[in-house]
Structures are given as structure tokens and as C-alpha cells.
Amino acid sequence: VINGAMQVDQRGATVTASGYSVDRFKITKTAMDNLVIAVTQDTDTPSEFTTALKLAVTTEESAQAVDELLDIRHIIEAQNLQHLEFGTSTAKKLTLSFWVRSSTTGKYSLLFLLDDDTRSNLQSYTISTANTWEYKTITIDGDTTGVIDNNSGIGMSIIWTLSAGTNFTGTPHAGWGAYSATEDHAHSDMVDFAAVDDGTFHITGVQLEVGSVATPFENRSFGEELTLCHRYCRTYTGQNFGRTRDGDSYYGGGLHFNPPMRATPTLKS
């Protein structure tokens with residue numbers, strides 16, 4: 001997991017719809033016509049950390065429709081997962097650990113989703129006390145069937161679902177199996193976080209490890225974390241790459257991406 005302590009926030013903007021807040025953690029907000037959210041980097045954290053991802057509801061989605069979905073996603077590049085040996089008889093167990101805090105208590109869904117063979121493993125965790133940091137660990141078996149291709153595409157998505165309409169809930173299979181959005185994305189008895197006005201959800205300290213034991217969080221330096229994030233997003237602030245002559249504007253020079261980016265970037269001003 002890259003940026004599991006939510007330190008790197010290159011965009012530095014409040015997310016109100018689908019998109020990235022802190023680097024590598026994406027908000028997905030689907031078909032919610034009333035919900036208004038604010039997703040930011042926050043300093044309300046457990047003592048070991050200094051930053052967290054915060055999602056706040058400013059206007060609730062009081063009537064949940066069947067096609068509505070709200071979740072937080074972390075996507076892991078496929079070639080970074082080859083050591084897991086998925087698709088073989090020696091596929092390794094994984095343990096996910098994280099700190100979480102929410103104003104809404106109850107059962108939440110957590111989905112492991114493989115992109116190449118469209119395989120999934122749906123788990124859950126429970127927030128017991130409102131507005132209190134809680135440490136969660138989830139251990140899953142390796143998938144002996146689903147293969148993760150050795151390329152720069154999506155290998156595995158880890159998805160914390162906060163609200164899901166009935167198009168995304170049903171009777172999920174146990175452990176790993178073929179993914180069906182209508183059955184396997186979320187539990188039908190999970191909380192509906194989006195229905196609570198002024199609700200808040202915080203997460204930090206996300207770590208994924210081989211094996212069945214969660215170890216203490218691996219603290220990388222900010223520089224190391226930023227360099228890892230630069231493979232997926234690079235921002236340039238306060239630099240002028242254009243020149244003006246005789247009233248005509250033109251651009252010259254070049255940008256050198258080091259480290260190389262995962263794919264050809266899309267430039268945004």
C-alpha cells in the first residue's frame with residue numbers, strides 16, 4: 001500500500017464527488033443525487049500518525065436508491081503483487097490492517113477485487129464506538145484460481161464501502177470467487193453511512209502484508225512516500241513553462257518524469 005498514512009496530498013483540494021483526495025485513495029460516488037460530501041486530509045489521528053483521510057457528509061442521501069454507491073478505493077499495480085503467487089496452489093495469505101473512526105457505528109463492508117480474472121473476496125469489520133479510533137485487521141487466504149497479470153495495470157483494489165444500494169448487495173460467496181456486482185460488492189446488512197447528516201469517517205495507517213499476522217505500521221520517510229506517489233500523479237506548482245513574445249504565447253522546454261510514470265499522463269491545468 002502506497003501512502004497508507006495519508007501523508008502525501010499533492011492535489012491539496014477538497015473532493016466533493018468521485019476522485020482522489022490524498023494520493024492513491026480514490027472516492028467513488030455513484031448516482032447519489034442529494035449527497036454532498038467533503039473529503040480532505042485531516043490531522044485528527046491516532047497517536048502514531050499525523051494525517052488521515054476524512055470524509056464528511058454535509059447533506060445526507062436520506063432515501064437510498066438501488067444504484068447508489070459510496071466507497072473509498074486503493075488500487076495496487078499488478079506487477080507489485082507477483083510475489084503473492086495468486087492463481088497457484090501456493091497462493092499466500094494476506095493481512096490488511098488499518099485505523100478507522102466513524103460517527104456511525106455498525107457493520108461495514110470491505111472488498112478485495114482482482115481486475116484480471118474479475119475475482120472478489122468480501123469481508124466486513126465493525127465500528128463499535130462512535131467517534132473513537134479503532135484498529136482493525138482482516139486476514140484472507142490467497143486466491144489459488146485468480147491470476148494477477150504481470151503488467152502495469154490494476155492488480156487488486158481494496159474497497160471500503162460506506163453506502164450501497166441493492167444493485168450492489170445480495171448473498172456473497174464465501175472467500176474468493178467470481179465477482180458479481182449485484183451479489184458480492186457489499187453486505188446487505190451493512191450501515192448506510194451516507195444517510196446520516198453531519199456524519200464523519202476517518203481512516204489511516206493502512207497496511208497490507210503477506211501472512212496471517214499484522215505487524216506494526218511500516219513508517220517510510222515522507223520523501224520515499226512522495227516518490228512512490230509520483231509514479232501515479234505529479235504536480236507542479238508556481239512554475240511557468242510558457243513564454244510570451246510580441247503578444248503571442250508559446251510553450252517550450254520539457255518535463256522529465258523521474259521516476260517514470262505508470263502510463264502516459266493526462267495534463268491538467
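Predicted model: local features only at pLDDT ≥ 70, side-chain atom pairs only at ≥ 80, totals over all residues.
Started with Phe 86 and Trp 176: both come out buried.

The centres of Phe 86 and Trp 176 are 5.7 Å apart and the planes sit at 80°, over the 60 degrees needed, so I logged the pair as edge-to-face. Then I checked where they sit in the chain: Phe 86 is in the loop between β5 (69-77) and β6 (94-102), Trp 176 is in strand β12, and 90 residues separate them.

Phe 98 and Trp 160 were my next stop. Their ring centres are 5.8 Å apart with planes at 90°, so this one is edge-to-face too. Phe 98 belongs to strand β6 and Trp 160 to strand β10, so the contact ties together parts 62 residues apart in sequence. I get 0% relative accessible area for Phe 98, so it goes down as buried. Trp 160 is also at 0%, hence buried.

I counted nine aromatic pairs in total. One aromatic cluster is made up of Phe 25, Phe 98, Tyr 108, Tyr 125, Trp 160, Phe 193 and Phe 201.

Then the sheet. I traced seven strands in an open, antiparallel arrangement, ordered β1-β2-β5-β10-β7-β8-β12. β1 (19-20) and β12 (176-178) are the edges; each has a single partner strand, so one side of each lacks a neighbour in the sheet. Leu 114 has Met 156 in β10 as its bridge partner.

Last entry: the charged end of Arg 24 sits over the ring of Tyr 232, 3.8 Å from the ring centre.

Conventions
Residues numbered from 1 in each chain as written. Heavy atoms only, no water. Pairing = 2+ DSSP bridges. Helix = DSSP H or I, 4+ residues; strand = E, 2+ residues; numbered from the N terminus. Phe/Tyr/Trp six-rings, centres within 6.5 Å; stacked < 30°, edge-to-face > 60°. Buried < 20%, exposed > 50% of the residue type's maximum accessible area, 1.4 Å probe, protein only. Lys NZ or Arg CZ within 6 Å of the ring centre and 35° of its normal.
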